[in-house]
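Open the model in your viewer and keep the selection tool at hand. The stops below are meant to be taken in order.

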Amino acid sequence: MIRMVLAVLLLLTAACSADPAPPGPTQAASSPPSGPGRFTGVLDACSLLTVEQVEQLVTLAEQRYTGAGCTWSTAGSGLEGRAIYELEVGVHLAADVVAAHSFFTKPPDYAFPAMAGKELPEPHTSANVGEESFVLTPTLSETTILTFRLSNAVININYGWRASPGPQHQERAVKAAQWIAEAIDRPAPTADPLDGRFAAAPYACSLLPEGVPQSATQCGGLKVRRARAWKDKSGITVAKEIMAYYKGRPFQRIHPLKGLGDEAFSDNQQYQVTVWVRVSNLVLKIPFNQTDGKVTPEIRAEAAEILSRLPAH
């Protein structure tokens with residue numbers, strides 16, 4: 001009996017003094033997406049939906065370019081008994097996937113369309129579009145907000161109407177996002193005579209002369225926008241409307257320029273000169289740091305060199 005008690009005590013002592021078992025493997029926290037971006041060209045928001053697709057979303061749609069995207073809205077306000085719809089689409093092309101994910105989760109103040117929240121809502125409802133997405137209708141709002149990321153591209157969509165929100169509105173916002181995602185993945189378009197000379201917008205950085213800093217996201221500030229045919233308007237006519245939009249903004253000091261492209265003008269501010277040029281259905285914004293706000297022969301020469309680098313079509 002004594003021997004049995006001693007044996008039990010020895011077993012208990014050994015168990016208490018033994019080293020603790022190593023901890024089991026823990027589940028690693030999901031790491032944020034990373035990697036290079038798929039898109040290096042220009043994604044023009046107004047070219048991502050066809051006329052037929054827009055007309056399924058917006059009653060009697062009229063297209064309007066903005067500084068950072070595209071808006072389709074019902075013209076006028078005298079349509080009794082009809083909903084007045086508005087669709088805003090903005091495209092942000094980041095340097096890589098990490099930067100795009102950051103923009104997606106916490107859009108900056110300059111994001112277009114303006115977002116209701118400054119951070120990704122939690123919990124959020126996925127729209128099942130792209131690699132990351134959310135869709136929501138804020139309280140007391142007539143607008144559905146949808147944002148999705150596809151590689152290094154972030155697309156913001158605001159779909160609004162003058163009516164109480166219903167399930168069909170969120171469904172239409174998701175449908176717009178799906179169409180846009182398909183358009184982004186589509187192969188480069190072939191030339192359409194109605195559009196104009198250019199079937200696609202060239203990558204802005206490829207137009208810069210040697211020695212100009214080429215930020216992965218800014219390309220020296222150079223912006224290139226391609227206009228396409230819209231309803232009964234040619235791409236060239238739409239490009240002219242884009243030029244008129246920028247020329248007509250308030251608080252600008254506009255001076256026409258001759259000898260650059262099909263039409264050109266400069267906006268001369270105190271420390272910067274911005275040259276706007278249209279070549280067929282392309283619109284280029286070329287900024288220059290200039291302390292006296294004047295267009296010098298050097299500025300003209302550099303703008304001409306950029307235009308000389310445009311592709312044939």
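Predicted model: local features only at pLDDT ≥ 70, side-chain atom pairs only at ≥ 80, totals over all residues.

Residues are numbered from 1 along each chain as its sequence is written, and side-chain values use heavy atoms, with hydrogens and water left out.

**Stop 1: strand 9**

Select residues 263-268, which make up strand 9. Strands (E, at least two residues) and helices (H or I, at least four) are DSSP runs, numbered from the N terminus. Five of the six residues here are buried, so strand 9 is largely enclosed by the rest of the structure. Buried means under 20% relative accessible area, with exposed over 50% and partly exposed in between (1.4 Å probe, protein chains only).

**Stop 2: strand 8**

Two strands count as paired if DSSP finds at least two bridges between them. Ile 254 stands opposite Asp 267 of strand 9. Five residues separate the two strands in a hairpin, and Gly 259 in its turn has a positive phi of about 90°.

**Stop 3: strand 10**

A hairpin of three residues links strand 9 to strand 10. Asp 267 turns up again here, opposite Thr 274 in strand 10.

**Stop 4: Asn 268**

Stay in strand 9 and pick Asn 268. Is Asn 268 buried or exposed? Its relative accessible area is 7%, so Asn 268 is buried. Its side chain makes a polar contact with the side chain of Ser 266 at 2.7 Å. A polar contact is a pair of N or O atoms within 3.5 Å; within protein, one must be able to donate a hydrogen and the other to accept it, and residues adjacent in sequence count only if both atoms are side-chain atoms. Leaving aside neighbours within four places in sequence, Asn 268 is in contact (heavy atoms within 4.5 Å) with Arg 253, His 255, Val 273, Gly 293, Lys 294 and Val 295.

**Stop 5: the disulfide**

Finally, select Cys 46 and Cys 70, which a disulfide joins with an S to S distance of 1.9 Å. The rule is a pair of cysteine sulfur atoms within 2.5 Å, and the count by this rule is one. The link of Cys 46 and Cys 70 is right-handed, with 100° about the S-S bond. Cys 46 lies in the loop between helix 1 (2-17) and helix 2 (51-57) and Cys 70 in strand 2 (residues 69-74), so the pair ties together parts 24 residues apart in sequence. Both Cys 46 and Cys 70 are buried.
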